[in-house]
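These are my notebook entries on one structure. I set down what I looked up, entry by entry.

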Amino acid sequence: MPAPNPRRVLPRSRRWPGIGRSTLDEAEFVAVYGVTAVRYGSDGIESLMLGLLDPGTNTWAIPPAPARLIDVVDRLLGGDQVKIILPGPDSRLLSGAQLCVKMLQSGAETLEQVDTAAPGRSLQDLPRF
């Protein structure tokens, strides 16, 4: 029998920002997170400003806070959505491209955009922190 995939078990970092899935019955709930800024290190993306979106009102349910890259990757692998978010008029949030996990040749994980057709709303366009 092959060894279990370590990504199929919810890692400790998966608990950020406090809304996790503990049973299979909760698996149909999909949280939508937004990224507002990026911090780059020598090896690429190091951390991101990540917040939980309220899709019904286009506002923050949990305001953005610094999150390590692995926390964002864990959210994506857990089935949640992560999108690029820019401020819009009237305190509304403008949604950009959706993000997904990209595996580099070195075996490291990073993020890339699913849809690159959203001009002015890419990871490279986000502010640095």
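Buried means under 20% relative accessible area, with a 1.4 Å probe and protein chains only. This core has 21 residues, and Leu48, Val72, Val82, Leu111 and Leu123 are those with the most contacts inside it. Two or more residues come from each of strand 1, strand 2, helix 1, strand 4 and strand 5.

The model is predicted, so local features need pLDDT of at least 70 and side-chain atom pairs count only at pLDDT 80 or more, whereas totals for chains, interfaces and linings use all residues. Residues are numbered from 1 along each chain as its sequence is written, and side-chain values use heavy atoms, without hydrogens and water. Helices (H or I, at least four residues) and strands (E, at least two) are DSSP runs, numbered from the N terminus.

I found an open sheet of six strands in the order 3-2-1-4-5-6, with mixed pairing; two strands pair if DSSP finds at least two bridges between them. Strand 3 (59-68) and strand 6 (109-113) are the edge strands, each pairing on one side only. I then checked strand 4 (residues 81-87) and strand 5 (residues 93-103), which pair in the antiparallel sense over four bridges. Proline 87 has leucine 93 in strand 5 as its bridge partner.

Is helix 1 enclosed or open? Seven of its nine residues are buried, so helix 1 is largely enclosed by the rest of the structure. The buried residues are Leu69, Asp71, Val72, Val73, Asp74, Arg75 and Leu76. They pack against strand 1, strand 2, strand 3, strand 4, strand 5 and strand 6. For valine 72, leaving aside neighbours within four places in sequence, I listed contacts (heavy atoms within 4.5 Å) with Leu48, Leu50, Ala67, Val82 and Leu111. Just after helix 1, glycine 79 takes a positive phi of about 105°.

Glutamine 113 lies in strand 6. It counts as buried because its relative accessibility is 15%. I also recorded that the side chain of glutamine 113 reaches the backbone nitrogen of leucine 123 at 3.0 Å.

Methods. A nonpolar core is a set of buried Ala, Val, Leu, Ile, Met, Phe, Trp, Tyr and Cys residues joined through side-chain atoms within 4.5 Å. Buried means under 20% relative accessible area, exposed over 50%, partly exposed in between (1.4 Å probe, protein chains only). A polar contact is a pair of N or O atoms within 3.5 Å; within protein, one must be able to donate a hydrogen and the other to accept it, and residues adjacent in sequence count only if both atoms are side-chain atoms.
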